[in-house]
Amino acid sequence: MMEKLRLATLWFDGCSGCHMSLLDTDERLLELTAFLDIVYSPLVDVKEFPDKVDITCVEGAISSPEDERMLVRVRNSSRLLVALGDCAVTGNIPAMRNIEGAPAMLRSIYTSGNGLQPQIPALDLPALNDKALPLHRFVPVDLFIPGCPPGADTLFTALTALIHGNTGHIALPTCFGA
Amino acid sequence: MTTPILTLTIDGKEVSGLAGETILQVARENGFFIPTLCWLDGLTSAGSCRLCMVEIKGSAALHPACITLIQEGMAVTTSSERLLRYRRAIIELLFSERNHVCAVCVVNGHCELQTLAQQLGIDHISFPGLYPDLPVDASHPRFVIDHNRCILCTRCVRVCGEIEGAHTWDVKNRGVRSQIVADFDTPWGDSTTCTGCGKCVHVCPTGALFEKGKSVAEMFKKPLGLPYLKAIRDLGV
């Protein structure tokens, strides 16, 4: 039997909807896990990103220095890097703050209303980059899967193609916003 | 006097059209797909979006099919690697120029820009986004103009001037700073010329013009039958 491929998934500045789509493949997850071991993911209990990963799917935009550091670490340890969903592909909704920048967004959300003791939360939270940006602004990306979120069928088709070594053009029934 | 019939080839196929017809017209009549954004049947052609560029044998330059008239013996190519590369670049530049967020747009799922991106196989935007700070004008009682989603195709300007005859819309500034304005750059709701007909809303290829009360993916643009409206107007009925 062929050795299983090592799959990792990450969740940066996104809503986890893309991971929900992955779970939405339902019983087909069993077909995928016949070929894949999930070695790192918000869905499994592994704390450290492993050294050698075949396919890493990244959900979410890059929004903080910590995201940037982790993305570079992940790129260096992964054979294939997949931008999973619109936030990873275009910046999408997190990037709507790019018009005015992070400080203005935080002020507008946390201190512009009539709240009790309005303050911008900072304790134990990572500082935000001024802009939320797509993955390919930082590292090379091997496959882009647009969609908000991309559907379960799209993810199943893409992962199946990657499992079978197809890294060229993969026709996917998805688009920005789909 | 009869109009001469001209013969030409499109992608190697022999076709014919009437003198005075454009390459785009003859191509569409014969089932060839040439992408367009600023062009709309029934309006004058602006030739500004450059998506309909085609190759003509004997000319090194590309030519916009919507405003280039057919000629006897012309050999037109509507799709090639080079054309696809330019068309993709145009769409990607449109996406990077303003703040297009399909996921939360009123026309998500039925937007011409979004559909063209998919048709042309665009899965990411190579260019860095500009993220300009642009206004949303909701001063009109029934409609909204969101400049973040505007691609400056000027269909709204032309339909308002040519079909409705109001000429409420026009363009201010130049280049990347261009912006659609009502009257002399007044809030839409204060316009003294707007008749509230809504034609601009329905010819807009994106979610830049939409009806109030429509949420994500709820705004559907209706075909207005512009050639029909134009024919009636020209008859003076």
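Helices (H or I, at least four residues) and strands (E, at least two) are taken as DSSP runs numbered from the N terminus. In these terms, chain A has six helices and five strands, which follow one another along the sequence as β-α-α-β-β-α-β-α-α-β-α. The model is predicted: local features need pLDDT of at least 70 and side-chain atom pairs pLDDT 80 or more, whereas totals for chains, interfaces and linings use all residues. Residues are numbered from 1 along each chain as its sequence is written, with chains lettered from A and ligands numbered from 1 in the order in which they are written.

Along the principal axes, the C-alpha atoms of chain A fill a box of roughly 60 × 35 × 30 Å.

In chain B, five strands form an open sheet of order 2-1-5-3-4 with mixed pairing, where two strands pair if DSSP finds at least two bridges between them. Strand 2 (13-18) and strand 4 (62-64) of chain B are the edge strands, each pairing on one side only. Strand 3 (residues 53-56) and strand 5 (residues 75-77) of chain B pair in the antiparallel sense over two bridges, and Ile56(B) stands opposite Val76(B) in strand 5.

The contact between the chains (C-beta atoms, placed from the backbone, within 7 Å) takes 21 residues from chain A and 17 residues from chain B. Helix 4 (residues 86-90) of chain A gives the most to the chain A side, with three residues.

Definitions and conventions. Two residues are in contact if their C-beta atoms, placed from the backbone, lie within 7 Å.
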